[in-house]
Amino acid sequence: MKLHGQDSMARGADEKLVSRRIKLPKRVVENPLRQVTKRLLMALFVLFLTVFIVWLDRDGYHDNANEQVDLLDCFYYATVTLSTTGYGDIVPYSDSARLINILLITPLRVLFLIILVGTTLEVLTERTREEWRLKSWRKNLREHTVVIGFGTKGRSALLTLLATGLSKEQVVIVDPSAKVIDTANAEGFTGVVGDATRSEVLLRAELQKARQIVIATQRDDTAVLVTLTARQLNRGAKIVAAVREEENAPLLRQSGADAVITSASAAGRLLGLSVLSPSAGTVMEDLIQQGSGLDLIERPARKSEAGKSVRDTEDLVVSVVRGHRLLPYDDPHASPIQLTDRLITIVRATPPGSPQVKFGPAD
């Protein structure tokens, strides 16, 4: 059980040392230790193969020291020639030995160098590729969603957004824990390691270009600071924040949040409703879970619905958004529906794989 003081946005100093880093989703690659081990075994195989070839034709080699080539000399010659050092104290002098050097030893020398140098080249190439991916990501990312805090609330909010058609490429997660960001990377999300109350961390998440921001920290004071910073960086984004205490909700709205959800009170109300009517509690849980059963959605009014009463629409309308006013369905001013209205309706969830129905003002 997590205590109130264990805020995911204010963890230990050891995690602050790795703050303000961007981590793109990693591609599936082989374990680095396994790669090094495999390359080392390949290099040793080439070395021993060269020693074996030289040993078989040792009579065709001349040693300036004692004119005889033993097993140690074969290892010495193989090591020197594969590394292209070439001291010249042991040399092939027979025609067969020189032919073998041309046809076999030289290709093995090239292969040996490729194996050894390949590791360094791969590191440099991977670093260049990662920098290119990061630049490309920054250039193309806009109108995305930033989720601050990838705990239970942040993950649940993100799952709901994904169920409505949001792609993982359009999501950036900010969290101070490198382990949490690694988990997000494994699930295909881009992550930024850092304290979201700092503007430079949010700028790394390209928050200034985001379309919507979800603030799901565990402490209310942290949520307020993050909201203030986010609104200062992006005046037009939709900011939705979660708080524990209901008394802090007005402060978050004053800080720039468009919507504030009181997590503890909301869960308590759902519990109370389930006590009074388990079926009603089940329906409410179904409504807030996108992608299955019934969905509660907001959509533009259709052209065919303009001028009609909210009770005469095809979908079940529960509220009408007109300008900055939210009108319940039984409000006399909710009807007739205007073409500029947005309707909050209850609809049957679209099964996975079915074509999405898009509504527009001109429908």
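This is a predicted model: local features need pLDDT of at least 70, side-chain atom pairs count only at pLDDT 80 or more; totals for chains, interfaces and linings use all residues.
Me: How many helices and strands does the secondary structure of the protein chain come to?
Reply: The chain has 363 residues, of which 37% count as buried. Its secondary structure comprises both kinds of element, namely 11 helices and 13 strands.

Me: What share of the contacts between residues at least 6 apart in sequence joins residues at least 24 apart?
Reply: Contacts are counted here within the protein chain, between residues at least 6 apart in sequence. Among these contacts, the share joining residues at least 24 apart is 66%.

Me: Which residues does the UniProt annotation "transmembrane region" cover?
Reply: The annotation comes from an unreviewed UniProt entry. In the model, the span of residues 40-56 is 100% helix and 0% strand, and its end C-alpha atoms lie 24 Å apart. The record applies the annotation to residues 40-56 and 99-124.

Me: Is Leu41 buried or exposed?
Reply: Leu41 is placed in helix H2, which spans residues 32-56. Together with Leu40, Leu44 and Phe48, Leu41 forms a nonpolar surface patch with about 400 Å² of accessible area. The relative accessibility of Leu41 is 54%, and the cut-off for this class is over 50%, so Leu41 counts as exposed.

Me: Is Thr50 buried or exposed?
Reply: Thr50 also lies in helix H2. Leaving out residues up to four places away in sequence, Thr50 touches Ala78, Leu82, Ile105 and Leu108. Because its relative accessibility is 0%, Thr50 counts as buried.

Me: What is the relative accessible area of Thr190?
Reply: Thr190 is found in strand E6, residues 190-193. Beyond its neighbours within four places in sequence, Thr190 is in contact with residues including Ile22, Pro25, Trp137, Val171 and Asn185. Thr190 is buried, and its relative accessible area is 6%.

Me: How far does helix H5 reach from its first C-alpha to its last?
Reply: Helix H5 covers residues 152-163 and has 12 residues. At 1.5 Å a residue, the expected reach is 16 Å, and the value in the model is close to this, at 17 Å.

Me: Which residue just after H5 takes a positive phi?
Reply: The phi in question is about 110 degrees. The residue that takes this value just after H5 is Gly165.

Me: How many residues apart in sequence are the parts tied together by Glu298 and Arg342?
Reply: Side chains of opposite charge can pair when their charged atoms come close. Glu298 and Arg342 form a salt bridge, with their closest N and O atoms 2.9 Å apart. Since Glu298 lies in strand E10 (residues 294-300) and Arg342 in strand E13 (residues 342-348), the pair ties together parts whose separation in sequence is 44 residues.

Me: Is Asp341 buried or exposed?
Reply: Asp341 meets Arg322 in a salt bridge, at 2.7 Å from N to O. Arg322 lies in strand E11 and Asp341 in the loop between strand E12 and E13, so the pair ties together parts 19 residues apart in sequence. Arg322 is buried, with a relative accessible area of 11%. At 1% relative accessibility, Asp341 also counts as buried.

Me: Where does Pro336 lie?
Reply: Pro336 is joined to Ser335 by a cis peptide bond, with omega at about 0 degrees. The place of Pro336 is the loop between E12 and E13.

Me: Is Glu206 buried or exposed?
Reply: Although Glu206 is not a glycine, its phi is positive, at about 55 degrees. Glu206 lies in the loop between helix H7 (199-204) and strand E7 (212-215). With a relative accessibility of 7%, Glu206 counts as buried.

Key. Residues are numbered from 1 along each chain as its sequence is written. Side-chain values use heavy atoms; hydrogens and water are left out. Patches are made of residues with over 30% relative accessible area and no salt bridge: like charges are joined within 9 Å, nonpolar side chains (Val, Leu, Ile, Met, Phe, Trp, Tyr) within 5 Å. Accessible areas come from the Shrake-Rupley method with a 1.4 Å probe; for residues, only the protein chains shown count as cover. A salt bridge is a side-chain nitrogen of Lys or Arg within 4 Å of a carboxyl oxygen of Asp or Glu. Helices (H or I, at least four residues) and strands (E, at least two) are DSSP runs, numbered from the N terminus. Buried means under 20% relative accessible area, exposed over 50%, partly exposed in between (1.4 Å probe, protein chains only). UniProt positions are given in the numbering used here, feature names are shortened, and annotations may be inferred rather than shown by experiment. The expected span of a helix is 1.5 Å times one less than its number of residues. Contact means heavy atoms within 4.5 Å.
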